[in-house]
Each structure stands twice: as structure tokens, then as C-alpha cells.
Amino acid sequence: MEEQQTQQTSRDSLASRFNLSLVIMYLCTVLITAPTVYFVTKQQVYERAEADLILLVDVVKSIQDFVATDLRPHFMKEKIFYSPSFSGIVATSRIAKYLKQKQPQFYINNVSDNPLNLENRAKGLEQSLLERFRKNRNLESYNTVGQIDGQNYLVSSAPKVSRKGCLRCHGEPAQAPQDVTTTYGTESGYGYRNGEVVGVSVVGVPLEDVQSLTLQRSLLVIGGITLLFALLFIVVNMLVKRLILIPIGDITELAKAVSQGDITREVVVYRRNDEIADLANAFELMRRSLLTAMKRMRRKS
Ligand code: HEC
């Protein structure tokens, strides 16, 4: 009984040592995977947002270039005054409205703390950007991450500086074009002075929620790793049992039988080419020579 016990525990311990190392390997893999997934996901989210932002900022600049170089001179020559063909900001604001219907995730706006269109009043992040550009007049653009209307954006911003041409619409209300005063009134958006920072252009692309995306991906990756380790666990246990534990158990039992004087029981001869098979075969060889020796001794006596 005592012997049986020791054999049992030692047999368990070989398999459980394999299993313990598998569990440790599994835990290490998970511990390395989770932060790696977080890091890679964050990197990807920012890279994608940055690429979108560069594209969007260039599109907005191109709209303003188009108004300044193609539309404005033409309409001035024809003496037709229509604000979207005169001001790049107005054209951008109109185009942004159409874009919002197709790509609602992007944010394009020109804001001011003295706006013609009251919807363009700077608030929150936009107001702090406006103050930043007022404090630092050398700053030509500023990229940051921030919340607009509760959504996280990667934002590119640039100051809007009042020039002589701007005063045509944003100067004295009495001199402003009629299409401007009838649409926006005469209360707000006027009295700009040459050279002052009057507003900010803000272009934002959404930053996906890194946390929940990481959680989603981590669960997927950890699920895969768990499945793989479960499979490895089953296969390793099966192999250890078949290739090591069972043959060693057989040999142990036989050794015990031999020690008690029973040498008639044969060891299973393995047709494999590994150390355990060598051991079993050597044991069987020894048993057979023992058997012949004993027979010879019996005959002699
Ligand atoms: C042709 C008239 C006109 C000219 C010239 C003009 N703007 Fe405007 N601007 C407008 C109108 C109209 C809006 C409102 C657009 C809207 O509804 O979003 C506007 C909007 C803005 C806004 C957004 C906040 C607001 O008032 O609604 C800023 C900032 C701005 N203009 C700055 C400028 C600057 C700087 C210049 C000169 C570089 C300029 N504008 C030239 C007509 C003009």
C-alpha cells in the first residue's frame, strides 16, 4: 500500500510538472499579450486618424485656394457679389455641411467668439485653441487631442487672422453686403480689426475608443491563446501518459514481480526507438537471461 502510494504520487508529479510549466507559459503569454495589444491598437488608431486628418486638412485648404484663385477674381471682375464665392471660410462652411451628411464622423468648422453665424461660436476646446493662438502669434497650426460635443477627436487647428479683405463683410455692419446682413443680422460677427486673431479653423477626425477596441481585441487574442494552450495541454498529457507514464508503470510492476521471484511475466516489447523503449527492451532482455540462467541452474542441481 505504502509503495503503491509513492508510485502514484510520483506518477502524478511528472504529469503535473509538465502541466505546471504549461500553465506558467500560458500566464506569461497572456501577461505579455494584453499590454502589447493595447500598445499596438493605440498606435494604429492614432496612425489612421493622423492619415485622415492630413487628407482632410488638405481638402479644406484646397477649397480655400480654389475660392481665392479661381472664384473670387472672376466674380469680382463680373461685379457679382456672393459670399460663398468670395470667402474661403464661407465656402468651407457650406461644403462642410454637405460633407457632414455623407461622412458625419468628421468635424470641420470655423469658429469665433464674435461669430456671424451663432452656430459657429467657439466653445470648450475651440475657445481654448483661440486663446492659445491669441497668446502665441507665431503659432501657425496646432494639433491636439480633445473632446468636441462629447466625442474624442484628433484635431488640427489654425488661427484665422483678420485682413483688410475680411472687413468688407466683418467690418462695419452698415458696409457689409446685404446677403450677409439679411442672413446673419447686424449684431454679431462685425467690428473685426486688421491683424487680430478673430477665429480658429478646426478640423477633427474621430479617435476610436482605444480602451474598448483594446478590450475587444484582447478578448479575441486571449481566447485564441487559451484554446491553443488547452489543445496543447490535452496533447502533452496524452503523450506523457502514453509514451512515458504507462511504459514506466509496466516496467516498475515487472521489476517488483521479479524482486518477488516471479520472472515469467514478459515486459511488453516496444517497437519504438526512444529511451523508454530501450529501457523496456533492456529489461526484457535481462529477464530472459535471468530465466535461462535459472533454468540452467535448476538443471545442474
Ligand atoms: C464675403 C463676405 C466675407 C468675407 C470677405 C469674409 N467672411 Fe468670414 N464669414 C462670412 C460669412 C457669411 C460667415 C458665416 C458662414 C456660416 O454660415 O458658417 C463667415 C464666417 C466666418 C468665421 C466663422 C465664425 C462666424 O463668424 O460664423 C470666421 C472665423 C471668419 N468668417 C473669418 C473671416 C476672415 C478671417 C476673413 C478674411 C480672411 C473673412 N472671414 C472674410 C463672410 C465673409
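Guide: A residue is buried if 20 or more other C-beta atoms lie within 10 Å of its own, exposed if 12 or fewer, and partly exposed in between, with C-beta atoms placed from the backbone. The model is predicted; local features need pLDDT of at least 70, side-chain atom pairs count only at pLDDT 80 or more, and totals for chains, interfaces and linings use all residues. Residues are numbered from 1 along each chain as its sequence is written.

Visitor: Is Thr-92 buried or exposed?

Guide: Thr-92 has its place in helix α2, helices being DSSP runs of H or I with at least four residues and strands runs of E with at least two, numbered from the N terminus. Because 23 C-beta neighbours lie inside 10 Å, Thr-92 counts as buried.

Visitor: Which residues come nearest to the ligand?

Guide: A residue is near a molecule if its C-beta atom, placed from the backbone, lies within 6 Å of it. The elements giving two or more residues to the shell around the ligand are α2 (88-102), β1 (107-112), α4 (167-170) and β4 (197-206). Of the 25 residues around the ligand, the nearest are Ser-93, Pro-115, Cys-166, Cys-169 and Gly-199.
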